Each structure stands twice: as structure tokens, then as C-alpha cells.
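Hi,

Here is the structure I promised to pass on.

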Amino acid sequence: MAVGEKITISVIKADIGGWPGHCKVHPALIEKANEILEKAKEEGTIIDFYATYCGDDLQLIMTHKHGVDSEKIHGLAWNVFKEATEIAKELGLYGAGQDLLKDAFSGNVRGMGPGVAEMEITLRKSEPIVTFHMDKTEPGAFNLPIFRMFADPFNTAGLVIDPHMHMGFRFEIWDIKEHKRVVMSSPEEMYDILALIGAKSRYVIKRVYPKKGHKLPEDEPVAVISTEKLYEIAGEYVGKDDPVAIVRAQSGLPALGEVLEPFAFPHLVSGWMRGSHNGPIMPVPLKYATPSRFDGPPRVVALGWQINKDGKLIGPVDLFEDVAFDEARKKALEIADYMRRHGPFEPHRLPLEEMEYTTLPGVLEKLKDRFEPV
Ligand SMILES: O=C(COP(=O)(O)O)[C@@H](O)[C@H](O)[C@H](O)COP(=O)(O)O
Ligand SMILES: [Mg+2]
Ligand SMILES: [Mg+2]
Ligand SMILES: [Mg+2]
């Protein structure tokens, strides 16, 4: 491995049991992940790894040479989740194996329950990246912050004053209901981009690419987000998607501080209790990534890394540990109080069409016959 060569960064995560309830990953599961990934590293399957958690989701961060969607890497992650599920069962953890929705691995974890964000890139001389890990929310929760990083000049000063970024970026947006995608350019199509991604339960940013003329290759993503929707796989509510993302920073890309700046505003996302409520996303260090109040409020962790010339992950730096995010946390808690006072009323509770994917239809079904024409 050397600078100028291709490397793949994979973040693969799954909820395979909570401790207690849906609150946190038990350390024994992380230990198991470390044991299996260490062996894979010794055997040369992966270059480096880090296993951690956000809420009840076990997070595997890996570097390797196998490209995205590799059977080897996905099989390795699936094996970690399977083996750690056995420990979760022994410990009696809640919802052991929750996100493993299929029995047999068939080459790729996509569509099997785990969430995946991966990018294959040409390694720069210095490669700063941030991995984001969310719990108790859905992939659309990344729309607003990713847009701000790569398209909003009020967030990212570089879009205005850095000649390497001034041309803007391209957004690959998925319609996750119709399973279609569109690539749009910012700033030219900014209003159209917003027309789509403002509807965050349907249109989600999957990747961001540089434009022609940028110093980075135009076919290598600079940001990627997991977009797996669990209810589509399971056909019923089985917890939230709890998405992850990888973002590259600096040198013609948003600076580290521009990547983090959107999270100074704890925007409203859907998820929280029973995946059925709107609430603020709170940026937290790992030690606070334990959603406990009303199973929330939703959390986001940001881990900072430098990838060295050998593909090693130098880090993590727990980026939201900074006091500079104290006010965002305070604001999130104020908003949480305000939202909670609505109890079961919208807009704290999600609108009916989104409740379709929760346990509410089971209750409404029972009332069906009580209605008479008016
Ligand atoms: O959304 C939640 C869990 O999401 P997650 O596992 O993090 O994807 C929780 O709020 C649960 O829905 C809630 O605790 C009820 O859980 P059950 O008792 O139905 O398992
Ligand atoms: Mg859970
Ligand atoms: Mg979770
Ligand atoms: Mg989940």
C-alpha cells in the first residue's frame, strides 16, 4: 500500500443486541469483533480496523484493498455479527441478532440488515476522513448536514474562497421508495437538489463527487452514506436504520471544521422512540452515545482519522468531545423537552404515512370496524 494507490474504506454496522433495551452495545460484542478482525488483519484480508459502537449499533471501520461490495469484506463483517450475536444471546442482550434479517450470507450484506458505507479512493499524501455514526434515526438524517458541507456557502467558506472548491460538487440522490437515482450539480441545480432532499424520508443523498476540473478524480466519492431501509427488507418495523457515513476532508474538500459545522445545529430527524417521533439529533462523544431519554434523543458520533501511507487508520479522535459542541447539546436537550411535551401528537409523532412502517397500523386495524359512514 502506498500513496497514489487505491484503498477502500468500509463502515459496516448492525444492531445485534442492546444493553439494556436498545441503549448500548455490550463491550463483550466489541471484544469479539476485535478478536475476529485482528485475525483478518494478520491474515492480510484487511489492512486495519476499529470496532466501536453508537447506541446499540456495533460499528466496524475497516481499510482494505478489495474494493466496495467485496464478498470477502462483507462476509467478514457478517461473520463478526453472527459470532457476536451468539455472545449477545448468552448474555441475554435485548433483541440479539436484531438487524440480521436473513439466515444465509449470499455474497453481500446489502439487503440483509446491516448498514454499509464504503468508498474506494486513490490515497492522497495526507488523507483526513471522518466517519459518522448515528443511532435512533434514518438515512435522510444526513441530508441536511451533507448538503451544508458540500453546497452551503454559509457553512463551508471554502466554496466561496478556495479556488479548488469554487466549482462545487455533484450529488447522487436516491429515491429510496422507487429505487431510482439521479446525479445533480451544485450550485447550478441547488434549488432542485433541495426540492428533493428536503423530503428526507424519500430522497436521500447517497454519494457526493467532485466535478470535472477538481484535483481529485471525478469518479471517486468524497462522501458516502448508508441508505439501507430495514422495513423494506423485513416488511415490518424492526428498529431504525441508524445510518453511517464517511466524509473526506481538506485540500480542495471541506475542511475538518466545515465537515463538523452542520452539527452545531441539532436539526430535527425522524426516529427516536419506536422510530416514530421527530426529535433533534444530538452530536455527542462516544461516552454519551447511549440514547436513554425516551430511547433518545437521536445521537451522532464523529470519529476523525488520518489514513497513513500504509492504509492504517490513525485515530480515532472523538470529534464531538470538544466543548464547542456543548451549546448544540444544550439546544438539543431544550428541543427534546419542547417536542416531548406534545406527547402522542404530531409533529412530535411522525405523520401517518411514515407511521405506516411502525407498529401503529396494528392498533388502527383493530379500530377499523368501529367506523360508520357520516
Ligand atoms: O426505536 C427503537 C429501537 O431502534 P434501534 O434498535 O436502535 O434501531 C426503540 O425505541 C424501540 O422501538 C422501543 O424500545 C420498543 O422496542 P420493543 O420493545 O418493541 O423491542
Ligand atoms: Mg436495537
Ligand atoms: Mg440502533
Ligand atoms: Mg436500528
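Before anything else, a word on the annotations: UniProt positions are given in the numbering used here, feature names are shortened, and annotations may be inferred rather than shown by experiment. Also keep in mind that this is a predicted model.

With that said, the UniProt record, an unreviewed entry, puts the feature "active site" at Asp15, Tyr237 and Lys240. Those three are spread over 226 residues of sequence, but they cluster in space, with a largest C-alpha distance of 13.9 Å. From this set, Tyr237 and Lys240 belong to the lining of the largest cavity.

Tyr237 sits in the loop between helix H6 (230–234) and strand E10 (244–248). With a relative accessible area of 24%, Tyr237 is partly exposed. Leaving aside residues up to four places away in sequence, Tyr237 touches Arg274, Gly275, Tyr357, Thr358 and Thr359.

Lys240 is also placed in the loop between H6 and E10. Is Lys240 buried or exposed? Its relative accessible area is 13%, so Lys240 is buried. Again not counting residues up to four places away in sequence, the contacts of Lys240 are Lys136, Thr137, Glu138, Leu230, Ser270, Gly271 and Gly275.

Asp15 lies in the loop between strand E1 (6–14) and helix H1 (27–42), and it counts as buried because its relative accessibility is 0%. Beyond residues up to four places away in sequence, Asp15 touches His22, Asp56, Asp57, Gly97, Gln98 and Asp99. The side chains of Asp15 and Gln98 are joined by a polar contact of 2.7 Å.

His22 lies in the loop between E1 and H1. Its relative accessibility is 26%, so His22 counts as partly exposed. With residues up to four places away in sequence left out, His22 touches Asp15, Asp56, Tyr94, Gln98, Asp135 and Lys136. The His22 side chain makes a polar contact with the side chain of Asp56, at 3.3 Å.

- Magnesium ion (ligand 3): the protein donors are Asp56 (OD), Asp57 (OD), Asp135 (OD) and Asp242 (OD), lying 2.1 to 2.2 Å from the ion. The sequence spacing of these donor residues is D-D-x77-D-x106-D. Asp57 lies in strand E3 (residues 57–64) and Asp135 in strand E5 (residues 127–135), so this pair ties together parts that are 78 residues apart in sequence.
- Magnesium ion (ligand 4): the protein donors are Lys240 (O) and Asp242 (OD), lying 2.1 to 2.2 Å from the ion.
- Magnesium ion (ligand 2): Asp56 bridges this ion and the magnesium ion (ligand 3), and the two lie 4.5 Å apart. Between the magnesium ion (ligand 2) and the magnesium ion (ligand 4) the distance is 5.1 Å.

On accessibility, Asp57 counts as buried at 0%, and Asp135 counts as buried at 0%. Asp242 is buried as well, with 2% relative accessibility.

Strand E11 (residues 268–271) and strand E12 (residues 277–280) pair in the antiparallel sense over four bridges. Within that pairing, Ser270 stands opposite Asn278 in E12. Ser270 is also one of the residues that Lys240 touches. The hairpin has five residues between the strands, and Trp272 takes a positive phi near 50 degrees there.

That's what I have for now.

Cheers

Conventions:
Residues are numbered from 1 along each chain as its sequence is written. Chains are lettered from A and ligands numbered from 1 in the order in which they are written. This is a predicted model: local features need pLDDT of at least 70, side-chain atom pairs count only at pLDDT 80 or more; totals for chains, interfaces and linings use all residues. Side-chain values use heavy atoms; hydrogens and water are left out. Helices (H or I, at least four residues) and strands (E, at least two) are DSSP runs, numbered from the N terminus. Buried means under 20% relative accessible area, exposed over 50%, partly exposed in between (1.4 Å probe, protein chains only). Contact means heavy atoms within 4.5 Å. A polar contact is a pair of N or O atoms within 3.5 Å; within protein, one must be able to donate a hydrogen and the other to accept it, and residues adjacent in sequence count only if both atoms are side-chain atoms. Donors are N, O and S atoms within 2.8 Å of the metal (3.2 Å for Na, K and Ca); water is not among the atoms, so sites may look incomplete. On a 1 Å grid over the protein atoms alone, a cavity is a set of points where a 1.4 Å probe fits but cannot get out, and a pocket is an open set with protein on both sides within 12 Å along at least five of seven lines; lining residues have an atom within 4 Å of a point. Two strands pair if DSSP finds at least two bridges between them.
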